[in-house]
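Hi everyone, thanks for coming.

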Amino acid sequence: HETVAAEVGRHMEFATYGKPVPRSSVPIYAVIYRGKMIYGIKHWETPELHKDKARLVVQGCIRITKTGKVILEKHFKRPGEFWAPSSSMAGFRFICAVAAIFGLDVETIDLDSAYLQSYVTEEFYLMFDDALVECMPEDWQAAVRAAKQADISMGGTGEVCYPALKNIYGKTNAGTNFINAFQNSLLFDGWERLPHDLAMMVQFCSTEKIPQLLSNYVDDISA
């Protein structure tokens, strides 16, 4: 329970979605996805390294309409629609080679909660089970109760939706949105893409004119 509560708290910290609204109040064209909590134990084969892990994801393969119709998400996608530049081990080896030539250190990082730090590019809503709501702060639970009553007063069955604000694992375009947002922020700060690997950036030191390289494989970054 503590692990699940911590994951819900992480979503609260990054303002992943807005306060609940009555389902009856969302637009007729609204797209709704179910949120699911995935729970597991890391390093299961080594008991002394056991670590509980929970991740709140979107059931992105299925969308739900305001009226309750369930539709497969694949009918709304096109081949290649979610492509985004992502490097590889070849890019990492290139960085290591350049670092060796100039006598520089190499740093790597797995960016924490990466997707939750980038904004959605389309409007959609989320629905959560009551078990997840119990892990939310009291003010959120009060907002859920109020939204349920409002939905009933509007002729609904007491269901609520949460407007999505940040990208969440499981949504089909979440990875693409994060990669584009991350790389665009680097370009804005003066980095430039390398033509042989569009997920690799270069910026020259203003004093020593030494190339500084950075590559990312989704949220795994080396520099």
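Let's start on the surface, where Glu 13, Asp 110, Asp 112 and Asp 220 gather in a patch of negative charge. A patch here takes residues with over 30% relative accessible area and no salt bridge, and joins like charges within 9 Å. One of the four, Asp 110, is exposed at 52% relative accessible area; exposed means over 50%, buried under 20%, and partly exposed in between, with a 1.4 Å probe and protein chains only.

A quick note on the source: this is a predicted model, where local features need pLDDT of at least 70, side-chain atom pairs count only at pLDDT 80 or more, and totals for chains, interfaces and linings use all residues. Residues are numbered from 1 along each chain as its sequence is written, and side-chain values use heavy atoms, leaving out hydrogens and water.

Now, how many salt bridges are there? The count comes to 8, taking a side-chain nitrogen of Lys or Arg within 4 Å of a carboxyl oxygen of Asp or Glu. Arg 23 pairs with Glu 159, with the closest N and O atoms 3.2 Å apart. Both sit in loops, and the pair ties together parts that are 136 residues apart in sequence. Arg 23 is buried at 9%, while Glu 159 is partly exposed at 28%. Elsewhere, Arg 63, Glu 73 and Lys 77 are linked in a network of salt bridges.

Finally, the cysteines: the structure holds 0 disulfides, meaning pairs of cysteine sulfur atoms within 2.5 Å. For Cys 61, the nearest cysteine sulfur, in Cys 161, is 18 Å away.

Note on methods: Patches are made of residues with over 30% relative accessible area and no salt bridge: like charges are joined within 9 Å, nonpolar side chains (Val, Leu, Ile, Met, Phe, Trp, Tyr) within 5 Å. Accessible areas come from the Shrake-Rupley method with a 1.4 Å probe; for residues, only the protein chains shown count as cover. Lys and Arg count as positive and Asp and Glu as negative; His and the chain ends are not counted. The place of a charge is taken as NZ of Lys, CZ of Arg, CG of Asp or CD of Glu. Helices (H or I, at least four residues) and strands (E, at least two) are DSSP runs, numbered from the N terminus.
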